[in-house]
Amino acid sequence: QVQLVESGGGLVQPGGSLRLSCAASGSSFSIRGMAWYRQAPGKQRELVAAISSGGSTNYADSVKGRFTISRDNAKNTVYLQMNSLEPEDTAVYYCNADLILIGRGRYDFWGQGTQVTVSS
């Protein structure tokens, strides 16, 4: 069984920073792409940032220049550094991983979500 465990959310003032982490645990898997999504109240879940197994990244236009996604393959962990946060960034942030379960195939896993609130 594979689990994605997120941490790092919280309350921050506009202009502040937060760093989210998502660690994959379990056995007999390899990670392909990883990504962060977010869902604000009353809105659809949207892609925030993604990173491939080779390190290529892409970002939503709304976060370019403010957020940075990175990964530590040795720790099976993906990070999202969020700077210059705005009230519009308030949402539940979800980690996503595209995994290969050895001998079983390719699967899509989600974390439980972590709340980020940007407010003064």
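**Figure 1. Salt bridge between E86 and R66 in the predicted model.** In this predicted model, the side chains of E86 and R66 meet in a salt bridge with an N to O distance of 3.9 Å. The two residues belong to distant parts of the chain: E86 sits in the loop between β8 and β9, while R66 sits in the loop between β6 (57–59) and β7, 20 residues apart. E86 has a relative accessible area of 33% and is therefore partly exposed. R66, at 11% relative accessibility, counts as buried, because buried residues are those under 20%.

**Figure 2. Salt bridge between D89 and R66.** R66 also forms a salt bridge with D89, for which the closest N and O atoms are 2.8 Å apart. D89 lies in the loop between β8 and β9 and R66 in the loop between β6 and β7, so this pair ties together parts that are 23 residues apart in sequence. With a relative accessible area of 1%, D89 is buried.

Figure 3. Through shared partners, salt bridges join R38, E46, R66, E86 and D89 into one network. The structure has 7 salt bridges by the rule applied here.

**Figure 4. The disulfide between C22 and C95.** The structure holds 1 disulfide. The bond joins C22 to C95, with an S to S distance of 2.1 Å. The link is left-handed, with -80° about the S-S bond. C22 belongs to strand β3 (residues 18–25) and C95 to strand β9 (residues 91–101), so that distant parts of the chain, 73 residues apart, are linked. Both cysteines, C22 and C95, are buried.

**Figure 5. The largest nonpolar core.** This core has 32 residues. Those with the most contacts inside it are W36, V48, F67, V78, L80, M82 and Y93. At least two core residues are supplied by each of β3, β4 (29–39), β5 (46–51), β7 (67–72), β8 (77–82), β9 and β11 (114–118). The largest share, 6 residues, comes from β9.

**Figure 6. Surroundings of L80.** L80 is one of the core residues with the most contacts inside the core. Leaving aside residues up to four places away in sequence, L80 touches L18, R19, L20, W36, V48, A49, F67, T68, I69 and Y93.

**Figure 7. The open sheet of four strands.** An open sheet is formed by 4 strands in the order β1-β3-β8-β7, with antiparallel pairing. β1 (3–7) and β7 stand at the edges, each with a single partner strand, so one side of each has no neighbour in the sheet. Neighbouring strands are turned by 15° against each other on average, direction ignored.

**Figure 8. Pairing of β3 with β8.** These two strands pair in the antiparallel sense over 6 bridges. Within this pairing, R19 has Q81 of β8 as its bridge partner.

How values were computed: Residues are numbered from 1 along each chain as its sequence is written. This is a predicted model: local features need pLDDT of at least 70, side-chain atom pairs count only at pLDDT 80 or more; totals for chains, interfaces and linings use all residues. Side-chain values use heavy atoms; hydrogens and water are left out. A disulfide is a pair of cysteine sulfur atoms within 2.5 Å. Buried means under 20% relative accessible area, exposed over 50%, partly exposed in between (1.4 Å probe, protein chains only). A nonpolar core is a set of buried Ala, Val, Leu, Ile, Met, Phe, Trp, Tyr and Cys residues joined through side-chain atoms within 4.5 Å. Contact means heavy atoms within 4.5 Å. Two strands pair if DSSP finds at least two bridges between them. Axes are lines fitted to C-alpha atoms, for helices over the stretch in contact, and angles run from 0 to 180 degrees between N-to-C directions. A salt bridge is a side-chain nitrogen of Lys or Arg within 4 Å of a carboxyl oxygen of Asp or Glu.
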